[in-house]
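The sequence and the structure are shown below.

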Amino acid sequence: MKLDFKRPKGMHDYYGEDSNVLLALYDLFFRFSVKHNFQYIETPIIEDEKVFTKSLGQMSDVVEKEMFYLKDSSKTEKYVLRPENTAGVIRAYFENGLSSEPQPLFYFYLGKMFRKENPQKGRLREFTQWGLEIINSENSFADFYIIYLNYKLLVKELKLEGVKILLNSLGCEKCRPKYKKKLISYYRRYKNKICYDCQRRLKENPLRLLDCKNAICQPYKKNAPLLIDYLCKNCEIHFQNLLQLLDKSEVVYQLDKTLVRGFDYYERTVFEIVIEGENFAIGGGGRYDLGKIWVNQNLPSVGSALGVERLKLVLEEKGKKILYASKPEIFVAYVGEELKHKAFEILENIRDNFDVIFNFFKQQLSAQLEYANKIGVKYVIIVAFEELSKNSVILKDMVNGTQEIIPINRLIDELKKRLIS
Ligand code: AMP
């Protein structure tokens, strides 16, 4: 049977083991974030385009060419599928007056993002990000804590090897103009040699020159002046404090003086999370102040976003298995329609103690046992008339095929004896 419609390009259906792995990761993100005192925040998947056009930068790839616009947008309000969620969270902060809460705020989110990219390995049009944001703190400890938690999740919880943080500082509005001038005068010498996009960047947004991936620009990028050499006193101290905190921790990091990241809102700390042997970053983040940009009110904040599908890919490539549900060990079957409800009662009674499954949609015992066999359970409890009249059930060992009669009031103990050693 063939449908005449299909799922959109660069998006996926997840089922079977794939969705089970995702569920295990979601579960880990929720538990881990809450345990570290981050509160869950949920904002709409659709936002006014201004949330992003007035934060990520007109010249960022996302704003220039990757946003999905909703068709019924009006002239005044153009809606887009969110391409990221930091800007949405800060929009929610202002709109809901969250400055009255005890500051700083620790928020986490887990949700779908959308970017109209050319799909390839690890690059999707719909993907999931786990994000952390510490809102309203200028303290370097906030930057450290965000980096540390990402590292801890990957290395301690998921036991991934070869995790490394690439780190840079982009300075602030005080130190950046001086640097920009230097960068422009350096690049001007090569303005006819660099790629077309960089020629535009040179005029409109010079910092983006450092983000160019085009091969012809790499030799010029390599020798370009570095922002980190132009930091003002306050930015220098902020960065040094962060490095000291990282040095005292187990986080493995490396300075990457050309790291600028894809969005304009970053200032001071920027970082990316990479894994040895992978040619993409699995996460990234940094410090930003959207309050300053939107409403001229300082709101120094720092955050991160980790790509869940990329993480899943890395776990698969490294042969690490993480599943949400353990395999059911016990199947409950019944003989004769009248006993279905009694079987259901027994099933519900033991559910708190064991991973148990049933298939009451099949009437024949043989069909139920065939299903139990396919799933690969260790034991089947068979509820049948004769045994039930003596308040007992049959316990079938699926490995060696033997059967025993067990009194119902001893069932949990007997199963524990066999399954929990
Ligand atoms: P960004 O929001 O661009 O800082 O990206 C943060 C993380 O989100 C990346 O390191 C990826 O893990 C993930 N990510 C970003 N874009 C995509 C995409 N198109 N497909 C899959 N994952 C993505």
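The model is a predicted one. Within it, strand β13 covers residues 379–383, and five of its five residues are buried, so the strand is largely enclosed by the rest of the structure. A residue counts as buried here when its relative accessible area is under 20%. Both faces of β13 are covered: on one side lie Y379, I381 and V383, on the other V380 and I382, and all are buried.

Strand β13 is joined by bridges to β11 and to β14. On the β14 side, Y379 stands opposite D397.

| Strands | Residues | Bridges | Direction |
|---|---|---|---|
| β11 and β13 | β11: residues 330–334 | Five bridges | parallel |
| β13 and β14 | β14: residues 392–397 | Four bridges | antiparallel |
| β9 and β10 | β9: residues 283–288; β10: residues 301–307 | Six bridges | antiparallel |

The open sheet has eight strands with mixed pairing, in the order β1-β4-β5-β10-β9-β8-β6-β7. Its edges are formed by β1 (39–40) and β7 (253–255); each has a single partner strand, so one side of each is left without a neighbour in the sheet. In the pairing of β9 with β10, G286 stands opposite G303 of β10. Helix α11 (residues 308–317) packs on this sheet and touches β4, β5, β8 and β10, and its direction makes about 50 degrees with that of β10.

Note on methods
Residues numbered from 1 in each chain as written. Predicted model: local features only at pLDDT ≥ 70, side-chain atom pairs only at ≥ 80, totals over all residues. Heavy atoms only, no water. Buried < 20%, exposed > 50% of the residue type's maximum accessible area, 1.4 Å probe, protein only. Helix = DSSP H or I, 4+ residues; strand = E, 2+ residues; numbered from the N terminus. Pairing = 2+ DSSP bridges. Contact = heavy atoms within 4.5 Å. Axes fitted to C-alpha atoms, helices over the stretch in contact; angles between N-to-C directions.
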